[in-house]
Amino acid sequence: MHIDSIVKGLLDRQEEIVDRLCTFLRMPSVSTDPAFEGGMRDAQTFLVDWLKRMGLDNVQLLDGGGHPAVYGAWNGAPGKPTLLIYGHYDVQPPDPLEAWVTPPFEPTIRDRRLYARGASDVKGSTVIALETVAAFLKVRGTCPVNVKVFLEGEEETNSPSLRAIVEQYGDLLQADGMISADGARAHPEIPTINVASRGIVEIEISLRTADKDVHSGRYGGAIRNAAHEMARIIASLHDEDGAIAIPGFLAALPPVSVNARAETARFLFDEVAFVKGVGARAYGEHGFSVREQLTLRPALDVNGMWGGHTGVGYKTVIPSTSHAKLSLRIVPGQDPDQVSEALKVHLRTICPPDVELSIDDPGTGSRAFNLPTGHPLVLAARKVLSEATGQEPVLVRLGASIPITVVFQELLGVQTLMFGFALPDEDIHAPNEFFRLSSLAEGLSAWPRLLEQVGEHSTDEFRSMATAAEKALT
């Protein structure tokens, strides 16, 4: 049976698929907030039932001590590669609620866009992947490849129990490769393939300068102010041009290759529009384009900073404590533990000796990710996208971090192709997140063709690439 029949069947069922996606979106599966525990359980039940109904075996929850992953398998294609299909069912908190045009967990279609929290990140693309597998099994009674579905419940909190899950269920998760529904397209018109992403390190720091907050009229100018000290420490992280100023940090980086810069330049990117699109101004390390700063260089950012009175009105106090959350995006060649330690050494060095500094490191840092351009998954994606668009896909790197790519590579030797259909302007993590219905149709056309094309590659091709990747890691 020709692949076009699978695609046509999916496209004919778009209204039904949108209805199922809307049911999924109504579940407030916010992993970071215990108040949404009910929404997380509803999403788990929804997915478990769906995987069973589509005909997958061994459907279960994989518990690593946090929110469990949802798993199911179909192993009816002997001699064909086995692929993990990755998605995640958790979403970001919807705050601020007052900024939403329509309620975040009541899906609404406006101008061929589906608005809801999680629509773009990443329930829309996850549904595309699951509907593809279901269509093969219903129409053909078989899939072009063996499939193991893995739907994570903690991606939006940096996957704290993912390593424990993979270590505990490693035998169950063995595969030749993984296709991720996460990892958005970089451009609405130019076909792109994500072959790399930055890693991440996160810490929270706190300062204490006194036993309690005190009146600024009685103590102002005579004692240290915790907010002032935090501001001084934060200011030490970058130089005047915006480059990271931790001693020796940039000098220790591997040089950016000529090939990497050439590939980055192939992607058409309007730097002025990118910056102005959010009402900002370009600012960062000299000598690199904005696109290179976003993908080839590390970035250290303050994600939140607070201390003292932050409510309505005025309260003339000198805060005794202050806090900040930091994230550091790292590039290939950097080790998360070494980077974290270098940051901590700098913070301890710059902090005055009479100020108490505490550092909370959750230990969830992950390395940057690279997918070899000759990998069977890349070759298959190139063929599918070039035939669909008439253009040669551009290989791109992501500035964001997707921990699963590194975890599965390090623990199982599995490489990941990111094949999501979200687009960069869909306000993920922000109010009024949306997913284009046109992207749904494009994904439903491409995913079946991708699985069919991957099935043309032998398991030996996958294993030879895995062996090469393992040698590179060691």
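With a relative accessibility of 19%, His323 counts as buried (buried means under 20% relative accessible area, exposed over 50%, partly exposed in between, with a 1.4 Å probe and protein chains only). This is a predicted model, in which local features need pLDDT of at least 70 and side-chain atom pairs count only at pLDDT 80 or more, while totals for chains, interfaces and linings use all residues. Residues are numbered from 1 along each chain as its sequence is written, and side-chain values use heavy atoms, with hydrogens and water left out.

**His323 and its surroundings**

- You can find His323 in strand E13, which covers residues 321-330; helices (H or I, at least four residues) and strands (E, at least two) are DSSP runs, numbered from the N terminus.
- The side chain of His323 makes a polar contact of 2.8 Å with the side chain of Ser206 (a pair of N or O atoms within 3.5 Å; within protein, one must be able to donate a hydrogen and the other to accept it, and residues adjacent in sequence count only if both atoms are side-chain atoms).
- If you set aside neighbours within four places in sequence, His323 touches Ile205, Ser206, Met230, Gly304, Met305 and Trp306, where contact means heavy atoms within 4.5 Å.

**The sheet around E13**

- Strands of a sheet pair through backbone hydrogen bonds, either parallel or antiparallel.
- Here, E13 belongs to an open sheet of four strands, ordered E11-E13-E9-E14 with antiparallel pairing (two strands pair if DSSP finds at least two bridges between them).
- At the edges sit E11 (299-307) and E14 (356-360), each of which pairs on one side only.
- From one strand to the next, the twist averages 20°.
- E13 pairs with E9 (residues 199-208) in the antiparallel sense, over ten bridges.
- Within that pairing, Glu204 has Lys325 of E13 as its bridge partner.

**Helices lying across the sheet**

- Helix H8 (residues 226-235) lies across E9, E11 and E13, and runs at about 15° to E13; axes are lines fitted to C-alpha atoms, for helices over the stretch in contact, and angles run from 0 to 180 degrees between N-to-C directions.
- Helix H12 (residues 336-350) lies across E9, E11, E13 and E14, at about 25° to E9.

**A pair of packed helices**

- H3 (residues 37-54) and H4 (residues 119-139) pack with their axes 9 Å apart, at an angle of about 25°.
- H3 brings Leu47, Trp50, Leu51 and Met54 to the contact, while H4 brings Val127, Leu130, Glu131, Val133, Ala134 and Leu137.
- Sorted by class, this contact has nine nonpolar, no polar and one charged residues (Ala, Val, Leu, Ile, Met, Phe, Trp, Tyr, Cys and Pro count as nonpolar, Asp, Glu, Lys and Arg as charged, and the others, Gly among them, as polar).

**Backbone spots to look up**

- The peptide bond from Asp95 to Pro96 is cis, with omega near -5°, and Pro96 is in the loop between E3 (82-88) and E4 (108-110).
- The peptide bond from Asp121 to Val122 is cis too, with omega near -5°; Val122 is part of helix H4.
- Asp111 is not a glycine, yet its phi is positive, about 55°.
- Asp111 belongs to the loop between E4 and E5 (113-115), and at 75% relative accessibility Asp111 counts as exposed.
- Asn432, also not a glycine, has a positive phi near 65°.
- Asn432 lies in the loop between E17 (416-418) and E18 (434-436), and at 14% relative accessibility Asn432 counts as buried.
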